[in-house]
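Subject: Structure handover

Hello,

Here is the structure we discussed, with the sequence alongside. My notes on what was found in it follow below.

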Amino acid sequence: MCSIGLIVSLLFYIGFGAIFMYMASLTTSMNNFHPKHRGKIVGILDASFSGGPALFSALYGTIFARGHTEDEENQNLGGFYLMTAISFAIVGLLGIALLKQMPFPVDTEVTRTVNSGDSVEDQEPTNVNLALPEQREISGLVLVRRFDFHYLLWAYIFCAGLQLTFQNNQGTYLKSYRLEKYTTLFTTLNPIAGVVSKFFAGFLSDAIVHKVPRSGVLLIFNVVQTISLGLSIFFSNNLVVFTIVDLVIGFANGALWCLTPTMISEFYGMEKFARNWGAMMLGNAFGGLAMQEVFGALYDLKTNSENQCYGLQCFTWSFIMITVLSLCATVFHFGLLQKKLDEQKYEGEDNYVEMCCTTGM
């Protein structure tokens, strides 16, 4: 049944239509599998989230746009909305029927109490619960007072907002650069990069989490994103450069949406996960709206009498804005990584002291 629930969750993400569906499927699936698979589960679900836009963008470009790239009024927008509504209804009904919370059984290991003089046959097995990653449940004001939460929060808001601004305005960029014939290609390519990134980040972070914190993996994506956005200020009208930036934004967005909720669940527990992650997404909603408003205002300053702008100069200041935001997010993620490395160091020292006291060293 857990596998069926995961499949339905994947459909929720592919046919993503409402935030409550996103939160319900994500939280349920995270609770239904062992925490050691947390990155994989979030990565698989969020990969479907990116797969949805890629699929629907491809469908729109090939079936509903019907080749009318420069005369949008001849595209079949009504038919596309009808298809979306039908898909949403079908997936919603499947979710009602099949999505259930079935937490994994608590792991146990058999240990033997070895008493002096007991033979192997006389040793009694005892069940001992294995420690789980969720050792703390933190929310509300206690959470707001934590520096690591603010590192995570503001890095997420800055990154998600700038990535959304870029993704939502790909058509505007391409039209200004007179590359609108590539609109379907790039609006499909970007979420496909997100799909690949979410799988990669989820599985990789699970494999190396005991050596490299997840924040370190996310930091690498942010550094590459900042460099590529810096280049876009001067060369984004070049097709090759725009392709690279489009892919990098997709990869960085995938890693962000995979690793951020995973870290929230591990740092602050699953009991209040929906509240904590939902509050962060609310912050992203306002932050993303503000960034896109600024993007629109900066673009309008360059438009002609027909409300159109052509050339690299149309986006110079908006690219500077999102590059600076990406740099700020990189700094925050570096701070989070440093804090987690310090915590691991202190935990290691505490374990060493405890071992010494126990053994009498």
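This is a predicted model: local features need pLDDT of at least 70, side-chain atom pairs count only at pLDDT 80 or more; totals for chains, interfaces and linings use all residues.

**Cores**

The largest nonpolar core comprises 60 residues, and Tyr-156, Trp-277 and Phe-319 have the most contacts inside it. Helix H10 (residues 239-268) supplies the largest share of this core, 13 residues.

**Aromatic residues**

Phe-319 deserves a separate entry. Leaving out residues up to four places away in sequence, Phe-319 touches Phe-166, Tyr-173, Tyr-177, Leu-229, Ser-232, Ile-233 and Ser-236. Phe-319 also belongs to a cluster linked by ring pairs, along with Phe-166, Tyr-173, Tyr-177, Tyr-182, Phe-186, Phe-242, Phe-295, Tyr-299 and Phe-315.

In total, the structure contains 23 aromatic pairs. One of them joins Phe-166 and Tyr-173: the ring centres are 5.3 Å apart and the planes meet at 35°, so this pair counts as tilted. Phe-166 is buried, at 0% relative accessibility, and Tyr-173 is buried too, with a relative accessible area of 1%.

Arg-178 lies over the face of Tyr-310, 4.0 Å from the ring centre. Lys-340 has its charged end over the ring of Phe-267, at 3.8 Å from the centre.

Asn-169 sits in the loop between helix H6 (147-168) and helix H7 (170-176). Its relative accessible area is 12%, so Asn-169 counts as buried, the cut-off being under 20%. The side chain of Asn-169 reaches the backbone oxygen of Thr-165 at 2.7 Å. Apart from neighbours within four places in sequence, Asn-169 is in contact with Gln-292 and Phe-295. Phe-295 is also a member of the ring cluster described above.

Thr-330 is located in helix H12 (residues 316-359). With a relative accessible area of 11%, Thr-330 is likewise buried. A polar atom of the Thr-330 side chain lies 2.8 Å from the backbone oxygen of Ser-326. Not counting residues up to four places away in sequence, Thr-330 touches Leu-219, Asn-222, Val-223 and Thr-226. Thr-330 and Leu-218 are separated by 112 residues in sequence, while their C-alpha atoms are 8.9 Å apart in space.

Regards

Technical notes
Residues are numbered from 1 along each chain as its sequence is written. Side-chain values use heavy atoms; hydrogens and water are left out. Helices (H or I, at least four residues) and strands (E, at least two) are DSSP runs, numbered from the N terminus. Buried means under 20% relative accessible area, exposed over 50%, partly exposed in between (1.4 Å probe, protein chains only). A polar contact is a pair of N or O atoms within 3.5 Å; within protein, one must be able to donate a hydrogen and the other to accept it, and residues adjacent in sequence count only if both atoms are side-chain atoms. Contact means heavy atoms within 4.5 Å. A nonpolar core is a set of buried Ala, Val, Leu, Ile, Met, Phe, Trp, Tyr and Cys residues joined through side-chain atoms within 4.5 Å. Rings of Phe, Tyr and Trp (its six-membered ring) pair if their centres lie within 6.5 Å; planes under 30 degrees apart count as stacked, over 60 as edge-to-face and the rest as tilted. A charge sits over a ring if NZ of Lys or CZ of Arg is within 6 Å of the ring centre and within 35 degrees of the ring normal.
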